[in-house]
Amino acid sequence: LSYDLLPSCLTPSSIYTFSAKVRVNSDVPVVVKPTIRYLDPNGIEQFDTITTCPASTADGGFVTCTADFTFGENYITSPFAKMFFYGVDDQTSAIDYDDISFMHKSGSPTGLVLDSAITSSCWGPGATVFLPSGSPEGGVYDTATVSSVQGAGIVGFVESLVNGVGPITSEKDSPDFAREVAVLSRNIVFESDPLSSIGGTLTVLRTPRVKQTIQGVEINGFGQEGVLGRNPILFKMNGDLSGSAVSKNTITQSKNRCVNIHATDGLRVSDNVALLTVGHCYALEDGGETGNIFTRNLGAITVAATSKAAGETDDRPATFYANNPSNSWVDNVAAGSERLGFQFQGFGKVSGESASLFTDMRPNIMPIILFSGNAMHSNIVGFQATNMRPTSNQYINGLKTFRNWRNGFLGHTRNMVLSDGVTADSRLGIEFYLSENMFLEDFKVSGYTDTYRALATSIEGYPQFCYGSTSPPIYGIKLHANVLTDGQPGNTFTNVAFTDFGQDCGPSSSAVTYNDHFTTPGFTAPTVFSGLTFDTVSANKIDLCSLAATGIKSVSIDDTDGALDPNNGAGPGMVRSDDVSMDLGNCVTVPNTCSLYCTDAAPGEPTEPAPAPAPTPVVIEPAPSPTPPASNGAILSSIDPSLSSVDLPSDGICLQDSTWESFKSELETVPGRSTGLAYKAHSRTHQARGGPIMSFDTSCLVANEWYEIRADVLAQNAGTEEINNCSADDPWQSVRSCPAISIRAGSYYKLIAPTVGPYNNGGVGWNEIYGVFQATSEIMEQSTVYLHVARAAPSVDITIGDAVITVASPTAAGKTDCSASNLIFNGGAETRDSRSWNIRGNLDNLGYIDIVEPGYEGSYAFKHSGYRTVTKTSMVQFLDMSCFTSGSSWRITANFIFFQADESGNETPVSCEKDSSQTQSVLCPGFEFLGDGDEATSTGYLDNFDTGAINVGGWNSYSASFTVSDAMAATSSLWVVVAGVAPGYSYYLDNVALSPF
């Protein structure tokens, strides 16, 4: 009994795994040898033994024999190859066979079993097919010529398919990482002169509501590099083209993109193949394009343009490029881009030729229609989403990103859910960089899989990520210490399975790590892990050392079910920085990770917070006010912060029937600021949310109305009566943060009311919390919302009293009104405090904002006190970008006094230079504007229009203007920053105003 093997599969160096069960019907043990019979190039019959099976008998039953067999050169010319079994020293006993298989493992087959839908009607002898790269080095591919098409998807080829790209990973090898095979040939061919740099273009121009079809053609050498609109296929200014299709085409050797869609909606782009193309491939052009559908398209070897059209980014190409997410992408593959597989690039407005058609559209806040089942491999970065600012959660389903050289997914965005996907065999799987409200759900995150390891170690020159203790680390997930907007939700990970992060990938490899960059010197990205699993080879689960090296030691991460517990506990806990300020008891050090694991913290939000004890009336005498500090030669006198609070109004709403309750803390009643009671939170287990919480019914609010919230607050070192010396001027969550109030409505979470400076750390230490909020749809959609009092370090006890919500006055600080004559809040210290102002910088050199008297014209002014050691440590205010449209111009005016200050607080009035071109002189205070703090959007230091002589020791005028750029308008907040003040110098500031110019 023999079996015929397909000769076209038996190419030199191809390796097959043989397996069979055999039983010899004999009373004595008999050895069976599976063997292949064939003819060598000289026509001589040859016999090659595959393996030797274990001896078997009739009574002993079946035995299993397996082996890998490599085919040699002699099989090339043989007209046949027959496999049979024979018994050694036994030519008569019957042999039973079962479960025989001969499966390709690696090497160079000239035959493949593809999708059963492939038939000779689509694939035929003489057609050219190609395989893109299967390794992180994406610039290679292989082609072959079809020799035959049989039933059940069996395709034969004239020559080997894998001369350059290495062994083929099939669906049977790994369903997640199977390679693609595509036919390039079409019966209708459009091609340009290969020696010319000017290729053809097929353009569909201004045909609204007329169905168009481009199907089944081959386009070779089209496009003109660096020229806008010169693409192989271009749909331009068509408006609605629902029902139109671009399908089953091939585009090769393109000089400028592949299918480019410009001001056209509703187009279906499906089943196309692109190979060796320059610039973005399947692309949307201006950002106004919506409702287009991309399905089952393949793009391979996407090359960077050496010249590009003005304003375009084809020198950093993405195989699939979108600047408006309101389209659909389903089952597409990006394989081998020199930069990005997929890119979602957010802009705050439509650009280019079609900008005038979409003046009110903000592409970066628009929703994704559908993103499902897309794969990206062999790119530098698989998928990058940048500056997307949707207002609700957007879903990336079924993502497959593997064997990318750097990142599988890189997100600098908000409100995105990655679910039911896989990432593997990349230096870094998933990175959330300065993002907020990000989710990873039902995801498999693998480091260095056995499938890829087998390829990399068996093939000379194949890229290897892991080769022992000296190899660079690989990471599954990398996070950022900060969120986009302080107070917003951070990251949530649910049902994530981590595998293959072994020590042979470098000792610092870990499943979860953090970026060592930060925009604010503290941990402001709340993170929750739930349902994590780890295989036995993944040594490090989480690593905080990169943050610790930068001085950030305030990390606190919820672990709802103990998956990160080094002692394999089953209960909830928290991962915290390995710092004495974060160890509140019941914590253990996790070696080599710069982290603690604490089981005393009980994360997870209860549906009904535990009530506080019933209050007992207590009356105490108010403490005397502290004596104001000496002036140390200050130019103006500081006011006493203990006297600067505003009387709380008695006509509050919403909170009359509510009471404070405990959340991630314990609560007790204590005497209030002057009379009555307050609530003190101690034993806090979470910086961002641990403290008093109060709920109220949103029926007390009016949709879109603005409200003010005020409260008394006292911050004390845990377990003592000592006043905690927190920084009311630091806008970022850190170990020095003061208490603040945030509002939570469903998944919406936002800081609305910080502690107001100047901070009173003398006497009894009471301060005021103040802020405003708008009753937005996120709030009004919930029947109940919560106020959280937290944000101070967990080692701080927080006491809260006399909280009041009122309808905001027309001039309330923080209430956005784009029609106001001055968009700066509290520009002249008219509130007698520093509300709406902060100091930009790190913890060691912030200084603090004083209120002094008299001001330039009014009663008060600001003073940046303290010894400054960094230029960027300066006053800053954050404004809503909705008022600042691209192209709008604005004038900033202010008054200042400039002085030199030493470490003892002595001040010496000095002169300064108003012109920044005078680099040898000390600059006067000026202003700089940035979008979201991004230096790429900065106006730089704005020179003073007032060129008059400096009034040393007296007030001076400042005036400048700027125009909002596209990049700045695409961000969410405008930073108004005092700029140019060198270390060792400081300033008084008054009458800051920002108005249309």
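Biologist: How far apart do the C-alpha centres of domain 2 and domain 6 lie?

Modeller: Ground rules: this is a predicted model, where local features need pLDDT of at least 70 and side-chain atom pairs count only at pLDDT 80 or more, while totals for chains, interfaces and linings use all residues. Residues are numbered from 1 along each chain as its sequence is written, and side-chain values use heavy atoms, with hydrogens and water left out. The domain assignment, automatic or from a database, puts domain 2 at 111–183 and domain 6 at 816–996. The C-alpha centres of these two lie apart by 63 Å.

Biologist: How many of the 12 residues of E53 are buried?

Modeller: E53 (residues 706–717) has 9 antiparallel bridges to E56 and pairs with E58 over 10 bridges, also antiparallel. Buried means under 20% relative accessible area, exposed over 50%, and partly exposed in between (1.4 Å probe, protein chains only). E53 is largely enclosed by the rest of the structure because the buried count is 11.

Biologist: Which residue in E58 is the bridge partner of Asp712?

Modeller: On the E56 side, Tyr707 has Phe773 as its bridge partner, and Trp706 stands opposite Gln774. In E58, Asp712 is bridged to Gly801.

Biologist: Within what arc do the buried residues of H1 fall?

Modeller: In helix H1 (residues 450–458), the buried ones are Tyr452, Leu455 and Ala456. Asp450, Thr457 and Ser458, on the other side of H1, are exposed. The arc uses the directions from the helix axis to the C-beta atoms. Seen down the axis of H1, the buried residues line one face of the helix because they fall within an arc of 95°.

Biologist: Is Arg835 buried or exposed?

Modeller: Arg835 sits in the loop between strand E58 (796–807) and strand E59 (838–840). Its side chain makes a 2.8 Å polar contact with that of Asp833; such a contact is a pair of N or O atoms within 3.5 Å, and within protein one must be able to donate a hydrogen and the other to accept it, with residues adjacent in sequence counting only if both atoms are side-chain atoms. Val756 is 79 residues away in sequence, yet 5.4 Å away in space, C-alpha to C-alpha. With 6% relative accessibility, Arg835 counts as buried.

Biologist: Which residue takes a positive phi in the hairpin of E3 and E4?

Modeller: Strand E3 (residues 32–39) and strand E4 (residues 45–49) run antiparallel, joined by 5 bridges. Arg37 stands opposite Phe47 in E4. There are 5 residues between the strands, and the one with a positive phi, near 80°, is Gly43.

Definitions and conventions: Helices (H or I, at least four residues) and strands (E, at least two) are DSSP runs, numbered from the N terminus. Two strands pair if DSSP finds at least two bridges between them.
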